[in-house]
Amino acid sequence: MYCPVCLEEVEEGRPVDWTMPEFLPVPTYRHSLDGSTLCIRIGMNGYEPTEPTFTRLELIRQRTEAMQTAEAQRLALVVEELDAGGSWAEVLTAAGVAGDGIATDELEEMVTDYRHQREE
Ligand SMILES: [Zn+2]
């Protein structure tokens with residue numbers, strides 16, 4: 001599981017830095033690294049911690065929808081997913097470029113470049 005904002009890994013548990021009044025629901029997830037509350041963003045009820053994303057594919061999809069250009073991070077996720085045995089078809093769908101020949105070529109090229117740089 002990952003925090004959809006900072007892309008850090010997430011675990012179950014009460015955040016160690018949660019200081020909101022007790023009548024508010026306590027989040028059930030925290031960043032694995034330091035136990036902090038998942039990153040805050042504006043949701044249906046105002047500012048609230050994000051819900052964790054369960055798979056890399058979901059994360060790739062979310063970042064596409066948010067149109068946040070953390071392209072390098074997103075590309076790293078794409079490569080991670082492929083390295084872990086994920087299928088191109090699923091990655092292309094998650095990235096929102098399935099059926100778009102130019103965007104697909106672009107993504108393939110970016111993945112090739114990324115792997116190349118990693119090997120150097
Ligand atoms: Zn986060």
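How many helices and strands does the protein have? I counted four helices and four strands. The model I am reading is a predicted one.

**Order of elements.** I went through the chain from the N terminus and noted the elements as β-β-β-β-α-α-α-α.

**Domains.** I looked up the division of the protein and found domain 1 at 10–49 and domain 2 at 56–119. For the spacing I took the centres over C-alpha atoms, and 28 Å separate domain 1 from domain 2.

**Overall dimensions.** Along the principal axes, I have the C-alpha atoms of the protein in a box of roughly 50 × 30 × 20 Å.

**Burial and contacts.** I checked how much of the protein is buried: 19% of its 120 residues count as such. I then turned to contacts with a separation of 6 or more, and 39% of these are between residues 24 or more positions apart.

**Helices α2 and α4.** Helix α2 covers residues 71–83 and helix α4 covers residues 101–119. Their axes come within 10 Å and cross at roughly 85 degrees.

Which residues of α2 and α4 make the contact? From α2 I list L75, V78, V79 and L82, and from α4 I list M110, V111, Y114 and R115. I sorted the contact of α2 with α4 by class and got seven nonpolar residues, no polar residues and one charged residue.

How values were computed: Residues are numbered from 1 along each chain as its sequence is written. This is a predicted model: local features need pLDDT of at least 70, side-chain atom pairs count only at pLDDT 80 or more; totals for chains, interfaces and linings use all residues. Domain bounds come from an automatic or database domain assignment. Axes are lines fitted to C-alpha atoms, for helices over the stretch in contact, and angles run from 0 to 180 degrees between N-to-C directions. Helices (H or I, at least four residues) and strands (E, at least two) are DSSP runs, numbered from the N terminus. Two residues are in contact if their C-beta atoms, placed from the backbone, lie within 7 Å. Ala, Val, Leu, Ile, Met, Phe, Trp, Tyr, Cys and Pro count as nonpolar, Asp, Glu, Lys and Arg as charged, and the others, Gly among them, as polar. A residue is buried if 20 or more other C-beta atoms lie within 10 Å of its own, exposed if 12 or fewer, and partly exposed in between; C-beta atoms are placed from the backbone.
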